[in-house]
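Student: I have a structure open and would like to work through it by question and answer. Can we begin with the surface and then go on to pockets and salt bridges?

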Amino acid sequence: MEISKQIEKIIQSHGAYLYDIETIKDDNGTIYRVYITKSGGIDLDLCANISNDISPLLDVHPPVDGKYFLEVSSPGIERKLKKPNHFKSAIGERVKFKYDGKKLKGVVNRADDNGFFATVDNKEMFFDYDDVSKAKTYFEWNKK
């Protein structure tokens, strides 16, 4: 079984869901970051418990070559959208995305396995995932 599937099972045993996994290299080394979500939100205790349960698996099956740091966290309020499930979970949220070479902003209205509908410039449009090169939710701060 591939490592991400095993990680996903561990996360689900805590009542949470795997959002994404990414490997990041920085000045201090490599970070193996596991993003989780849960209805009602997540807290530090949940992240710590999941991290403690994932660590022994990664000790036996290292996810990367060499030294790395495991980090378990929320994807945050401004999060990358890569998979259909990411877009489905972002319904009603503001998104910035690059579509067919153009930078756009809109609100996700609905999504399926092929693409998503978003209101852009007061017009609802369909966007095929294959033509979206980058996407993320964003938070608009109220200016008073």
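Student: Which residues form a nonpolar patch on the surface, and what is their accessible area together?
Tutor: The model is predicted. In it, Ile77, Phe139 and Trp141 make up a nonpolar patch on the surface. Their accessible area together is about 390 Å².

Student: Is Phe139 buried, partly exposed or exposed?
Tutor: Phe139 sits in the segment after β8 (132–137). Its relative accessible area is 36%. Buried means under 20% and exposed means over 50%. Phe139 is therefore partly exposed.

Student: How is the protein chain built up, read along the sequence?
Tutor: The protein chain has three helices and eight strands. Its C-alpha atoms fill a box of roughly 50 × 35 × 30 Å along the principal axes. Read along the sequence, the pattern is α-β-β-α-β-α-β-β-β-β-β.

Student: What percentage of the residues in the protein chain is buried?
Tutor: A residue counts as buried when its relative accessible area is under 20%. The protein chain has 144 residues, and the buried part of them is 33%.

Student: Which element gives the most to the lining of the largest pocket?
Tutor: The largest pocket holds about 470 Å³ of space and is lined by 21 residues. Two or more lining residues come from each of α1 (3–12), β1 (17–26), β2 (29–37) and α3 (84–89). With four residues, the element that gives the most is α1.

Student: Which residues lie nearest the centre of the largest pocket?
Tutor: The lining divides into six nonpolar, nine polar and six charged residues. Nearest the centre of the largest pocket lie Tyr17, Leu18, Tyr19, Thr37 and His86.

Student: Which element gives the most to the lining of the second largest pocket?
Tutor: About 310 Å³ of space lies in the second largest pocket. Among the 16 residues that line it, Lys96, Phe97, Lys98, Lys134 and Ala135 are closest to its centre. At least two lining residues each come from β4 (94–99), β5 (102–111) and β8. The element that gives the most, with five residues, is β8.

Student: How many charged residues are in the lining of the second largest pocket?
Tutor: Seven residues of this lining are nonpolar and one is polar. The number of charged residues is eight.

Student: How far apart in space are Ala48 and Ala90, C-alpha to C-alpha?
Tutor: Ala48 lies in helix α2 (residues 44–60), and its relative accessibility of 35% makes it partly exposed. In sequence, Ala48 and Ala90 are 42 residues apart. In space, C-alpha to C-alpha, the distance is 26 Å.

Student: Which residue forms a salt bridge with Asp20?
Tutor: The structure holds nine salt bridges. In the one formed by Asp20, the closest N and O atoms are 3.0 Å apart. This pair links distant parts of the chain, with Asp20 in strand β1 and its partner 62 residues apart from it, in the loop between β3 (68–73) and α3. The partner is Lys82.

Student: How far apart are N and O in the salt bridge of Lys88 and Asp113?
Tutor: Lys88 is in helix α3 and Asp113 is in the loop between β5 and β6 (115–120), 25 residues apart. Lys88 is partly exposed at 32% relative accessibility, whereas Asp113 is exposed at 55%. Their side chains meet with an N to O distance of 2.8 Å.

Student: Which strands are tied together by the salt bridge of Glu124 and Arg110?
Tutor: The side chains of Glu124 and Arg110 meet at 3.2 Å, N to O. Glu124 is partly exposed at 40%, and Arg110 is partly exposed at 39%. The two are 14 residues apart in sequence, so the pair ties together strands β7 (residues 123–128) and β5.

Key
Residues numbered from 1 in each chain as written. Predicted model: local features only at pLDDT ≥ 70, side-chain atom pairs only at ≥ 80, totals over all residues. Heavy atoms only, no water. Patch = residues over 30% accessible without salt bridge, like charges linked within 9 Å, V, L, I, M, F, W, Y side chains within 5 Å. Areas by Shrake-Rupley, 256 points an atom, 1.4 Å probe, with all protein chains shown as cover. Salt bridge = Lys/Arg side-chain N within 4 Å of Asp/Glu carboxyl O. Buried < 20%, exposed > 50% of the residue type's maximum accessible area, 1.4 Å probe, protein only. 1 Å grid on protein atoms, 1.4 Å probe; cavity = no way out; pocket = protein on both sides within 12 Å on 5 of 7 lines; lining within 4 Å. Points joined across faces, edges and corners; volume = space filled by probe spheres on them. Nonpolar A, V, L, I, M, F, W, Y, C, P; charged D, E, K, R; others polar.
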